[in-house]
Amino acid sequence: MNQSRPVESAASGRHADWSRLLYWFVLAVCAAWIAGYFFPPINHDTAVLLYISKLWLNGGRLYVDAIDINTPLVFVLHLLPEALAKLTGLPGTVMLVGLLGLGIAGSFATCRWVLAASLDPAHATADALLPLLLLFLLIVFPNNMFTQREHILLVMAMPYLLVASGRADGAPLSPQLRVATALLAGLGFAMKPYFLGIPLLVELYLLSQRGLRRSLADPVPWSVLGVCIAHALFAVIVTPEYFTVVWPIASAFYSEVSNWSTLDLMLSANLGPPTLILPLLGIAAFFAIRSHLARVIFMAGLGGLASAYAQHKGWPYHALPAQAFTLLLAGVVIAHVMDHVVWPRRGDARPARLFAAALMLLVFYQEGLHSRPFFKQLEYRGSELRRLMQIVKQEKRNDRILILSPGIYPHFPMINYLRLQMTMRFESMWLIQGAYAECRELAPLYTPPESMSPAESFVFRSVAEDFNRKKPSLLIVDNVPGIPRCQGETFDYLEYFSRNPLFAKRFEDYDKLLDFERYTIWRRRIPDQKK
């Protein structure tokens with residue numbers, strides 16, 4: 001049972017408690033940090049999700065009018081900010097940051113309550129350090145990955161993990177709290193199949209500690225499983241195109257785009273550190289400090305590592321959960337050692353607060369050396385995105401645009417900010433990248449239409465049909481195709497699609513406007529007439 005908190009020395013009542021002031025200063029900085037994310041630009045991947053969700057909200061058909069490999073739940077979660085944006089007139093990007101900020105506040109408050117209910121009151125270091133570290137991981141640590149799906153996962157899953165530790169310890173946590181945190185975490189885990197390794201490993205650990213009977217009677221794992229099953233049923237019933245359209249395309253192309261070997265991932269800057277450090281901390285969690293909290297965080301970290309390795313991309317945001325859980329586990333181990341070895345049964349909480357604040361300042365310092373905070377926001381005014389926006393805003397004659405590029409930045413979030421509509425069903429040319437990821441000996445630069453795979457043929461045909469029918473006012477072509485040279489020649493998206501008679505005929509209406517950075521911009525000669 002929880003006991004009353006130790007009384008600090010009487011001297012703290014006569015003099016300024018600088019440990020408390022420093023502690024609350026660090027906490028306030030972490031909380032205030034979120035204000036920077038309201039400034040543009042928003043993360044480009046998030047911009048794509050908001051754009052597709054908005055199209056869906058306005059009557060478009062998910063996976064028909066906009067094709068993306070993300071699961072239906074991802075777009076369901078992004079419908080809310082776009083729906084609120086439609087009601088309020090505020091940008092969906094701003095609404096998403098605001099809603100996520102509220103989610104972080106709720107997640108942090110729940111974590112703080114669970115820690116207070118689970119920790120021994122004498123463990124002053126854990127009580128001081130872990131809330132600071134949690135808030136840092138939810139707000140500051142993501143940096144330019146703020147609002148990414150992996151970041152949303154952290155926000156939704158943190159209370160579940162702390163409750164899992166309490167379940168192992170037998171902490172007095174209400175069934176309502178357990179189920180509510182499980183349902184919330186289930187939404188996070190169900191966003192990507194890769195995430196499901198996290199609850200699987202955590203629940204297997206609890207099973208090993210509590211036995212089969214108690215685990216089967218616990219509503220928490222069934223709540224997580226129920227959310228995942230409900231999501232699968234939703235996909236089958238509401239968006240069957242996810243299985244009939246997206247899966248064939250993804251299986252044909254997605255694995256070929258930026259496909260890293262396991263060794264490359266192990267040696268990468270993103271996954272190398274957690275791959276090395278997490279197992280070492282796991283040894284401490286299982287054989288040195290023997291803490292359920294440390295062990296649960298370790299199992300979650302293993303699930304995060306498995307998720308990143310399974311995706312084989314090496315992209316920074318894929319490693320975010322593994323990195324965050326590694327840092328959290330380090331904090332748990334440090335706090336345990338301080339409370340049980342260095343400062344056992346200490347009645348004065350001031351040294352613990354001072355230690356926690358100083359350690360977090362060190363973490364801030366190291367993070368600042370590793371990545372510049374808000375660098376995209378600080379450079380936005382003179383950025384490629386802002387300059388391209390100015391050109392498009394001045395030259396567009398309708399709200400329709402076609403961009404043939406292997407990447408999604410800077411045209412996302414430009415399309416969001418200028419409220420444009422991409423005329424093709426894909427956010428980028430990653431599908432063509434996948435089809436031409438390798439240059440086979442004596443292979444032609446472009447596959448003849450009659451020899452294309454069904455997936456490539458669908459892209460080749462649909463892009464041309466949409467271009468011909470929707471007549472965008474601007475066509476932007478990336479001159480860096482992201483495709484290896486083949487037979488000494490460079491892949492050209494304009495040349496590739498011009499082999500389609502519909503595309504070639506419509507392209508006759510366009511004149512070259514200018515070259516900008518790596519892009520060539522074409523403008524439709526005849527202004528559209530409103531229907």
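The exercises below, each with a worked solution, go through parts of the structure shown above.

The structure is a predicted model, in which local features need pLDDT of at least 70 and side-chain atom pairs count only at pLDDT 80 or more, while totals for chains, interfaces and linings use all residues. Residues are numbered from 1 along each chain as its sequence is written, and side-chain values use heavy atoms, with hydrogens and water left out.

**Exercise 1. Describe the strand partners of E5 and say how far the strand is enclosed.**

Solution. Begin with the terms: helices (H or I, at least four residues) and strands (E, at least two) are DSSP runs, numbered from the N terminus, and two strands pair if DSSP finds at least two bridges between them.

Step 1. Strand E3, residues 474-478, runs antiparallel to E5 and is joined to it by five bridges; within this pairing, Val477 stands opposite Thr520.

Step 2. Strand E4, residues 510-516, also pairs with E5 in the antiparallel sense, here over six bridges, and Tyr510 has Arg524 in E5 as its bridge partner.

Step 3. Five of the six residues of E5 (residues 519-524) are buried, so the strand is largely enclosed by the rest of the structure.

**Exercise 2. Where does Thr239 lie, is it buried or exposed, and which residues does it touch?**

Solution. Step 1. Thr239 is found in the loop between helix H11 (219-238) and helix H12 (241-253).

Step 1. Its relative accessibility is 2%, and Thr239 therefore counts as buried.

Step 2. Taking contact as heavy atoms within 4.5 Å, and not counting residues up to four places away in sequence, Thr239 touches Trp56, Leu62, Tyr63, Pro72 and Phe234.

**Exercise 3. Examine the salt bridges, giving the place and the accessibility of the partners in selected pairs.**

Solution. Step 1. A salt bridge is a side-chain nitrogen of Lys or Arg within 4 Å of a carboxyl oxygen of Asp or Glu, and a search of the whole structure finds 18 of them.

Step 1. One of the pairs is Asp127 with Arg112, whose closest N and O atoms are 3.0 Å apart. This pair links distant parts of the chain, since Asp127 is in helix H6 (residues 124-140) and Arg112 is in helix H5 (residues 92-118), 15 residues apart. Asp127 is buried, with a relative accessible area of 17%, whereas Arg112, at 28%, counts as partly exposed.

Step 2. Turn to helix H22 (residues 454-470), where Arg461 and Glu465 are four residues apart and are therefore separated by about one helical turn. Their side chains meet in a salt bridge with an N to O distance of 3.8 Å; Arg461 is partly exposed at 37% relative accessibility, and Glu465 is partly exposed at 31%.

Step 3. Asp466 and Arg469, three residues apart in H22, are likewise separated by about one helical turn, and their side chains form a salt bridge at 3.1 Å, N to O. In this pair Asp466 is buried at 1% relative accessibility, but Arg469 is exposed at 52%.

Step 4. Finally, salt bridges can be linked into a network, as they are for Arg167, Glu203, Arg210 and Asp218.

**Exercise 4. Where does Phe374 lie, is it buried or exposed, and which residues does it touch?**

Solution. Step 1. Phe374 has its place in the loop between H17 and helix H18 (375-378).

Step 1. With a relative accessible area of 16%, Phe374 is buried.

Step 2. Leaving aside residues up to four places away in sequence, Phe374 touches Trp33, Gly36, Tyr37 and Asn143.

Step 3. To place Phe374 relative to another part of the chain, compare it with Met452, which is 78 residues apart from it along the chain; the C-alpha atoms of these two residues are separated by 44 Å.

Conventions. Buried means under 20% relative accessible area, exposed over 50%, partly exposed in between (1.4 Å probe, protein chains only).
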